[in-house]
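Let's take a walk through this one, starting with its aromatic rings and then moving on to helix packing and the overall fold.

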Amino acid sequence: MAEMEFRFPPAEQPTLPGSPANPPHPVQRRIGYFLISILVGVSAGLGVWLIQANLAFIQGGLGLDPVEGAWLLSAYYMTNVTANLLLIKFRQQYGLQRFVRIVLAVYALSTIAHLLIHDFRSALFVRALAGIAGSGLITLTILYMMQAMPPSKRIVGAMVGICLPQLGAPLARVISPSLLVTGDWRPTYWIELGFALATLAAICLLPLPPSNREKAFERADFVSIGLLAPGMWLLVAVLSQGRLGWWAETPWIGVALAAAIGLIAAALIHEYGRLQPLIDVQWLGRREIARLMLIAAYVRLLLSEQSVGSIGLLSVEGMGSDQLVGLNMVILLASAAGLVGMVLLFRPNDVAFPIIVSVALIAIGSLMDSDATNLTRPANLYISQALIGFAAIVFLGSAMAIGIARTLLAGPRAFIGYVMIFSTSQSLGGLAGSAWLGTFEISREKFHSNQLVESIRLSDPVSAARVAGSGAPLRGLTTDIVERGANATAILSRQVAREAHILAYNDLFLLIFFFSILILCWGIWLRYSLLHRGEVSPIIQLQQRMLAAQAAIASGGAQ
């Protein structure tokens, strides 16, 4: 995989330094790039979701409490959201092949280390390495998928590539029960290691085309990174730990949040005054870019309905991971269908249409889930969760296409900032969604629990009969009336807590429906406004610029 010197005609030159060249490929090679992109994409998403889906087993295997277990995920996201700051410029300065070798080496070593390390601090370090590798693998997924497409469809390749890692969440939940039948958590790491080695072998067999290099790093870059990275790490820690330690009862959470805001603000101020910024703050502050990032983070927050809402509801009702395999298989198939739907719904002259469709599907799915009872089972959620799984892929790919088009129109300098902000908005949006919805559910559960408890009065014959009925199964176990009454009260309390949780989840689904309708109305108004003004979409503008450049190259060659 040594970096080799090649000369390409102008039309085949890399779009950006550090990106692969764009030579024509035979059909067999395109198929190879396509299959490798799928493999790398699944590897990028599967590792972290295997940890998340089986966190309880891993905690038990390592002897951790829930707070320590949550730090394992925090360590992953801390490095994952900031790795692109270094990796993009590393590719530009040191070349694509060196970047590939380092990313894959880190990925393979981190997965091997998982099997050997049983210490909490060491496990944190390994998860941090996995976060860096995951960021690099997502980049490789996009680059390989773009090489699999003809030149006119490269943006579609980027859309598909950014969505492939999202399939890791339902896939991890589908295969996890079969991996844990022995009660050992290590098979999950063996699967991750297998994907790492398969990825390494595939990329060695069919590497990407070479890239150009240029000096990219400046001393001032490391000042920005030194401010921004700790700020993002603290923000991730707050979002992942706040609900567990409870926001107002853990002093360090407030201190960390204040420090995070200060560090991020200082980094952006430092970048604003630079001639060659690492992140083009002025471009990112433009109305259309800020609007895109806001929508991306907002919708990602709503999509937490799937991981927090539906899964949490079924867990409260006593459903184990083995009973959720069917539901997660439906979500996986719907997400795969979303890749096809995303391409079919993609309209270069109407980029807002797929986003509106995806938000509408989220609203429908959340409304369908809002009438859950203690009789709700996974099969009752198949349609609603399929709609949300489909919508997640359609939205993510469409938002990525709009952003890439605007980035390429603005020039290479804007690319780093866009990739950083987009990936951050998705990661932090998911964490913020889990924190917000989880906090909301806990608050509403307390409210409904108080309401239900107040409605139970032992002086009421109906309530007294309900308590007596709860103790009926215990009559054959004890003859002590006092003990039987206490046990009956405990059983009734658990039933009340379960009903309160179900009502709280119904409130959560209605909340998501309400906010989905808000953004849907805004999206429809925005689409109408853009079409009414006759504003040319960024995709069309990019296509026109590319055609003009090709015409100029052709005329120059003819002369």
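## Aromatic pairs

Start with the rings: the count comes to 7 aromatic pairs, where rings of Phe, Tyr and Trp (its six-membered ring) pair if their centres lie within 6.5 Å, and planes under 30 degrees apart count as stacked, over 60 as edge-to-face and the rest as tilted. Take W436 and F515: their ring centres sit 5.5 Å apart with the planes at 80 degrees, so this pair is edge-to-face. W436 belongs to helix α17 (residues 413-454) and F515 to helix α19 (residues 481-533), so the pair ties together parts that are 79 residues apart in sequence. Helices here are DSSP runs (H or I, at least four residues), as strands are (E, at least two), numbered from the N terminus.

Ring pairs also bring F514 in, linking W436, F514 and F515 into a cluster. W436 is partly exposed, at 29% relative accessible area, and F515 is partly exposed too, at 23%. On this scale buried means under 20%, exposed over 50% and partly exposed in between (1.4 Å probe, protein chains only).

## What sort of model this is

This is a predicted model, where local features need pLDDT of at least 70, side-chain atom pairs count only at pLDDT 80 or more, and totals for chains, interfaces and linings use all residues. Residues are numbered from 1 along each chain as its sequence is written, and side-chain values use heavy atoms, with hydrogens and water left out.

## How α1 meets α7

Helix α1 (residues 27-53) packs on helix α7 (residues 168-179) at about 55 degrees, with the axes 8 Å apart. Axes are lines fitted to C-alpha atoms, for helices over the stretch in contact, and angles run from 0 to 180 degrees between N-to-C directions. That makes α1 oblique to α7 (under 35 degrees is roughly parallel, over 145 roughly antiparallel, 65 to 115 roughly perpendicular, the rest oblique).

On the α1 side, the contact residues include W49 and L50, and on the α7 side they include R173 and I175; contact means heavy atoms within 4.5 Å.

## The chain, and N80

The chain has 20 helices and 0 strands, and buried residues make up 53% of its 559 residues.

Is N80 buried or exposed? N80 is buried, with a relative accessible area of 9%, and is found in helix α3 (residues 66-94). The C-alpha atoms of N80 and T424 are separated by 8.7 Å, though the two are 344 residues apart along the chain. Leaving aside neighbours within four places in sequence, N80 is in contact with G131, G134, S135 and S427.
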